[in-house]
Amino acid sequence: QVQLEESGGGSVQPGGSLRLSCAASGSIVGIIAMGWHRQAPGKHREMVAMITTGGQTNYADSAKGRFTISRDSAKNTVYLQMNSLKSEDTGVYYCNALKEGNYWGKGLLVTVSS
């Protein structure tokens, strides 16, 4: 079973930055993509950024130009650098890994407010 350990959440002012980290452990062989989804209060969970084992990336339109996803294959870790944060980025961010199905982290709260 895949285990996902998340870190880096917190509270920042608009325009600030955060970096989220997610380390995968356990049965990691066969993972084809990892990334982050978020869920704001009263809204559906949405994909924010994903990266495949081949290095291909995908971003939500709202994240393009502000967020960067990267990976350290040796550490089985993905990072999400979030810059120029806006209030609408507020939500719970969940790391996920795609293998035979989706594995999810516990979630990190990101709050962007003045």
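Guide: The lining of the largest pocket divides into 7 nonpolar, 6 polar and 2 charged residues. Here Ala, Val, Leu, Ile, Met, Phe, Trp, Tyr, Cys and Pro count as nonpolar, Asp, Glu, Lys and Arg as charged, and the others, Gly among them, as polar. This is a predicted model, in which local features need pLDDT of at least 70 and side-chain atom pairs pLDDT 80 or more, while totals for chains, interfaces and linings use all residues. Residues are numbered from 1 along each chain, and side-chain values use heavy atoms, without hydrogens and water.

Visitor: Which residues lie nearest the centre of the largest pocket?

Guide: In general, rolling a probe the size of a water molecule over the atoms shows where empty space is left. A pocket is an open set of points on a 1 Å grid where a 1.4 Å probe fits, with protein on both sides within 12 Å along at least five of seven lines; lining residues have an atom within 4 Å of a point. Of the 15 lining residues, Ile-31, Met-34, Thr-53, Ser-73 and Asn-76 lie nearest the centre. Two or more lining residues come from each of strand 4 (33-39), strand 5 (46-52), strand 7 (67-72) and strand 8 (77-82), strands being DSSP runs of E of at least two residues, numbered from the N terminus.

Visitor: Which cysteines form a disulfide?

Guide: A disulfide is a pair of cysteine sulfur atoms within 2.5 Å. Cys-22 and Cys-95 form one, with their sulfur atoms 1.9 Å apart. Cys-22 belongs to strand 3 (residues 18-26) and Cys-95 to strand 9 (residues 91-98), 73 residues apart. Their link is left-handed, with -85° about the S-S bond.

Conventions
Helix = DSSP H or I, 4+ residues; strand = E, 2+ residues; numbered from the N terminus.
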